[in-house]
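Please look through the sequence and the model shown here before reading on. The paragraphs that follow lead from one part of the chain to the next.

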Amino acid sequence: MQTWSLVSICVLLGVVVRWGVSLNSYSGAQKPPMFGDYEAQRHWQEVTYNLPVQEWYFNNTDNDLNYWGLDYPPLTAYHSWICAYIAKIINPEWVELHRSRGYESPAHKLFMRTTVLVADVLIYIPAVVLYCLYLADGSSKKKVSTLFCFLLYPGLILIDHGHFQYNGVSLGFALWGVLALGLGWDALGSMAFSLALNYKQMELYHALPFFCYLLGKCVKDGLMGRGLFLLVRIAATVLATFALCWLPFLSDPSQALQVVRRIFPVGRGLFEDKVANTWCSLNTLIKIRSILSGDFQLYLSFALTILAVLPSSIRLLTKPTFWNFKLALVNSSLAFFLFSYQVHEKSILLVALPICLLLNDLPFTSAWFLQASTFSMLPLFLKDGLLVPYAVTSAAFLLLSICLLSVLDHCSEEEMELCTYKKLLFCHPKMDLACIVRWKFYISIAAMAGLSILSVALEPPRHLPDLFPVLVSTIAFLHFLGTFIHFNILQFSKLPSRKRQKKNN
């Protein structure tokens, strides 16, 4: 009873923080002609409500695809239609065809902010609560502490409730999938992840771990017995879920092909803005987009992404434990973020979710990464006028991680899984790797805080207008690359402690 009281308080505080952030500015506020992501979400409501399904993804006089055309899978469109239906009842002007373009008012802002909060309360937050209570190890106090830090991760709150998006829906569905697999409900987990994939195509970042884990379980159970039955049941569930989501577009192949073309826009280029991935960081030294053709960039990106994700996936396929599954989710999503095509800075949220799943197991490493992931989106937050929410939520998350998760007390070589490095690097047995890592953490936090202040306080040189965004993306990239290497080594090293191994198997 006491545990559930604490959980209720955590959820309430999580909702309050989200609502507090939502009172600030949003993407593209009063910035015509394109405005920003807020207008994109509103425009999709306008399109889905006023046009027939067959015209949602096609360019015509009533649906200009160059003005925030739909570029997400059908489930996003259905969600927009539901929101539009409610908006039409409250105020028809909010979704009036053509005339509502760029519509901004306090009442409409309240409505839009409420739709994001409701989506979190219905989909994302319940999944977080159940995961922390039923799949996280430790005492009730530790589970509640993990839950509180999970819910207050600044990156997702600032993007969804500040910048304005609905990432909590796709991440929530993915988390329901993880939760179901952790409890042994493989078919339900497959359905939940299929819904995530049909809401946002970027959930492909998590697709290989789900596939390899389930296939590995089927092979382990025997493809001539129980394993075959499980495989058929999972395949039928996935196909049925996809068929239901795509049903309005399956009658005409050209409809389905147009949706696919819209959700995979390869013509946009290798990367946009200053993203903390390999291509953007390398582009500061070598102008990749100038020396490589567009097709070659696409093939190179695809090849490197597959090579980066393959070792972790093969390891999971041969050893399908839940612990390996969680590590593979981190490694796969980081491989896609670092090497794949057309990555946005907000895509780091797809890496942050599986990292949050490890807050209980690896608190120091996880909290450090989550801090860096929020920092990597600093230029976007400054552009949207979210400096104060960024500073407050980031500082609060760091303090909560230190106080509630005791991250600085979990810095031994054993707890950070650093013993493997001594063998790989031929380190002296008495060398204190934990001390070195702790100092790296202090320097990292100081660098992120310092650069955040400099980005606001100083004007960049005229000949280097993008100096601070480039420095932010480069520092964040180094954090992400180090995390990718660490978690791959971790997945191939010895199994976790006996207690955790029993829990995760």
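Asp37 counts as buried, at 12% relative accessibility; buried means under 20% relative accessible area, exposed over 50%, and partly exposed in between, with a 1.4 Å probe and protein chains only. The side chain of Asp37 meets that of Lys346 in a salt bridge, 3.9 Å from N to O. A salt bridge is a side-chain nitrogen of Lys or Arg within 4 Å of a carboxyl oxygen of Asp or Glu. Side chains of opposite charge can pair when their charged atoms come close. Lys346 also counts as buried, at 15% relative accessibility. This is a predicted model, in which local features need pLDDT of at least 70 and side-chain atom pairs count only at pLDDT 80 or more, while totals for chains, interfaces and linings use all residues. Residues are numbered from 1 along each chain as its sequence is written, and side-chain values use heavy atoms, with hydrogens and water left out.

How many salt bridges does the structure hold? The structure holds 8 salt bridges. One of them joins Arg18 to Asp120, with the closest N and O atoms 2.9 Å apart. Arg18 lies in helix 1 (residues 2–22) and Asp120 in helix 4, so this pair ties together parts that are 102 residues apart in sequence. Helices (H or I, at least four residues) and strands (E, at least two) are DSSP runs, numbered from the N terminus. Is Arg18 buried or exposed? Arg18 is buried, with a relative accessible area of 1%, and Asp120 counts as buried at 2% relative accessibility.

Arg42 and Glu46 are both in helix 2, 4 residues apart, which is about one turn of the helix. Their closest N and O atoms are 2.8 Å apart. Arg42 is buried, with a relative accessible area of 0%, and Glu46 is buried as well, at 3%. Glu39 belongs with Arg42 and Glu46 to a network of salt bridges.

Gln30 counts as exposed, at 68% relative accessibility.

A positive phi also occurs at Phe164, where the angle is near 100° in a residue other than glycine. Phe164 lies in helix 6 and is buried, with a relative accessible area of 0%. Helix 6 (residues 154–164) is mostly covered, with 11 of its 11 residues buried. Among these buried residues are Pro154, Asp160 and His163.

Helix 10 (residues 253–263) has buried residues as well: Gln255, Ala256, Gln258, Val259, Arg262 and Ile263. They cover an arc of only 160° around the axis, which puts them on the same side of helix 10; the arc is that of the directions from the helix axis to the C-beta atoms. The buried residues of helix 10 pack against helix 3 (74–90) and helix 9 (207–246), where contact means heavy atoms within 4.5 Å. The face turned away from this buried side carries the exposed residues Pro253 and Arg261.

Aromatic rings form a further set of contacts. Rings of Phe, Tyr and Trp (its six-membered ring) pair if their centres lie within 6.5 Å; planes under 30 degrees apart count as stacked, over 60 as edge-to-face and the rest as tilted. By this rule the count comes to 25 aromatic pairs. The rings of Tyr153 and Phe397 have their centres 6.4 Å apart and their planes at 75°, so this pair is edge-to-face. Tyr153 lies in the loop between helix 5 (140–151) and helix 6, and Phe397 in helix 18 (residues 387–404), so the pair ties together parts that are 244 residues apart in sequence. Tyr153 counts as buried at 3% relative accessibility, and Phe397 is buried with a relative accessible area of 1%. Trp246 and Phe249 form an edge-to-face pair, 6.4 Å centre to centre with 70° between the planes.
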